[in-house]
Amino acid sequence: MSGLGERWLTAAYRGDAWLGLLSPLEALYRWAVRRRAAAYASGRRQAWRAPVPVIVVGNLTLGGTGKSPLVAWLVEHLAERGWRPGILSRGYGGKCADYPLLVEPSTPAAACGDEPRMLADQSGVPVVVDPDRPRGARRLLEAGCDILVSDDGLQHLALARDLELVVVDGARGFGNGRCLPAGPLREPLSRLESVDATLVNGEAQRTLPVAARRMTLVPSAWRRLGDGRRYPIAAPPFVGPVHAVAGIGRPERFFETLEGLGIEVMAHPFGDHHAFRADELRFADHRPLVMTAKDAVKCRDLAPGESWVLEVEAAPEPAFVAWLDECLAALRVRRVPGNDDTNSRAGEMPAHPPK
């Protein structure tokens with residue numbers, strides 16, 4: 001996002017009054033969203049249903065919420081329970097001549113996008129990038145996956161889904177509660193009434209319109225960017241203040257996490273999905289450089305030697321995990337060959353996480 005875009009997004013979350021001037025455009029945007037949703041609901045446009053379960057992890061707002069760490073946690077959780085998961089992504093920021101793109105160890109972030117590259121490295125499961133979600137889903141089926149996780153796929157209605165999970169940033173919430181371009185919402189808040197679960201990343205500092213479960217991002221390790229060697233989080237492998245760079249949806253969250261670990265931070269925020277240059281990562285005082293895992297996949301060949309990555313893991317609260325396991329058990333039953341209940345979205349699964 002450009003500097004102008006970042007300033008607009010800050011105003012949208014802050015609720016600046018001048019955004020009211022964009023109300024006519026917001027009304028047009030809402031009409032287009034309703035019209036598209038109605039076309040799928042009525043059958044005028046057909047959603048493709050995979051022969052395996054599909055879980056969508058998305059957000060209602062622009063800007064970072066912690067969605068990708070939840071995706072990484074989710075596929076690990078699925079694998080532990082005997083599934084063969086795969087991740088489907090649009091691949092924002094990547095440019096590829098031929099889709100679908102199965103992310104290989106040699107695939108550069110410039111081709112697949114920074115988040116798919118990061119998720120492939122972290123999870124070890126098949127990751128496919130394709131703006132055409134149904135086509136990408138079929139490629140994951142060819143790779144042997146028996147459950148698909150669509151990263152940031154809430155608004156991609158062409159792919160039918162069995163579960164919808166929405167992640168919201170606890171600090172920013174839903175901003176001024178208005179849709180684009182008068183606010184940060186991709187869809188009206190009423191969309192939350194139809195999703196299966198809403199998770200708040202961190203403490204909710206604003207009132208939410210629906211019941212939500214909490215998740216946190218837990219620092220798990222320090223990783224040297226150059227050789228990948230990992231060190232315990234309790235003992236930082238560097239000394240003194242650090243330069244911290246972050247090209248994510250909300251860089252402040254990264255800086256706050258570092259400070260919470262007792263690290264003195266010289267903060268360098270960048271726009272989400274920023275394409276770094278070498279000169280942006282080198283500082284005259286030669287102090288250590290610390291970055292996010294998402295930024296690290298783009299900076300391997302650019303950053304100086306004393307560069308470190310803070311690894312974080314999503315930690316959803318136990319009640320959500322218990323509810324999810326109930327849903328997964330129901331999905332196993334529904335997907336048994338010969339079961340007629342393969343076209344419904346909710347079936348006999350719990351409608352919402354336990355309160």
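Strands are DSSP runs of E with at least two residues, numbered from the N terminus; on that basis, His 273 falls in the loop between β11 (265-269) and β12 (289-292). The views below show a predicted model.

**View 1. Two histidines in the loop between β11 and β12.** His 273 lies in this loop and has a phi near 65°, a positive value in a residue other than glycine. With a relative accessible area of 21%, His 273 is partly exposed. His 286 is also found in the loop between β11 and β12. The phi of His 286 is near 60°, again positive in a residue other than glycine. His 286 counts as exposed, because its relative accessibility is 69% and the cut-off for exposed is over 50%.

**View 2. The crossing of helices α3 and α5.** Helix α3 spans residues 67-80 and helix α5 spans residues 114-123; their axes come within 10 Å and cross at roughly 30°. Angles under 35 degrees count as roughly parallel, and therefore α3 is roughly parallel to α5. The crossing of these two helices is right-handed. On the α3 side, the residues that meet α5 are Lys 67, Ser 68, Val 71, Ala 72 and Val 75. Their partners in α5 are Glu 115, Met 118, Leu 119, Gln 122 and Ser 123. By class, this contact has five nonpolar, three polar and two charged residues.

**View 3. Gly 91 in the loop between β2 and β3.** The loop that holds Gly 91 runs between β2 (85-89) and β3 (101-102). Gly 91 has a relative accessible area of 5% and is buried. Apart from neighbours within four places in sequence, Gly 91 is in contact with Cys 112, Gly 113, Pro 116 and Val 129. The C-alpha atoms of Gly 91 and Gly 3 are separated by 22 Å, the two residues being 88 apart along the chain.

View 4. Pro 100 lies in the loop between β2 and β3. Pro 181 lies in the loop between β6 (163-169) and β7 (197-201).

**View 5. Helix α9 and its buried residues.** Helix α9, residues 318-334, has 17 residues. From first C-alpha to last, α9 reaches 25 Å, close to the 24 Å expected at 1.5 Å a residue. The buried residues of α9 include Phe 320, Val 321, Trp 323 and Leu 324. Also buried are Cys 327, Leu 328, Ala 330, Leu 331 and Arg 334.

Key. Residues are numbered from 1 along each chain as its sequence is written. This is a predicted model: local features need pLDDT of at least 70, side-chain atom pairs count only at pLDDT 80 or more; totals for chains, interfaces and linings use all residues. Side-chain values use heavy atoms; hydrogens and water are left out. Axes are lines fitted to C-alpha atoms, for helices over the stretch in contact, and angles run from 0 to 180 degrees between N-to-C directions. Helices (H or I, at least four residues) and strands (E, at least two) are DSSP runs, numbered from the N terminus. Angles under 35 degrees count as roughly parallel, over 145 as roughly antiparallel, 65 to 115 as roughly perpendicular and the rest as oblique. A crossing is left-handed if the near helix is turned anticlockwise from the far one by less than a right angle, and right-handed if clockwise. Contact means heavy atoms within 4.5 Å. Ala, Val, Leu, Ile, Met, Phe, Trp, Tyr, Cys and Pro count as nonpolar, Asp, Glu, Lys and Arg as charged, and the others, Gly among them, as polar. Buried means under 20% relative accessible area, exposed over 50%, partly exposed in between (1.4 Å probe, protein chains only). The expected span of a helix is 1.5 Å times one less than its number of residues.
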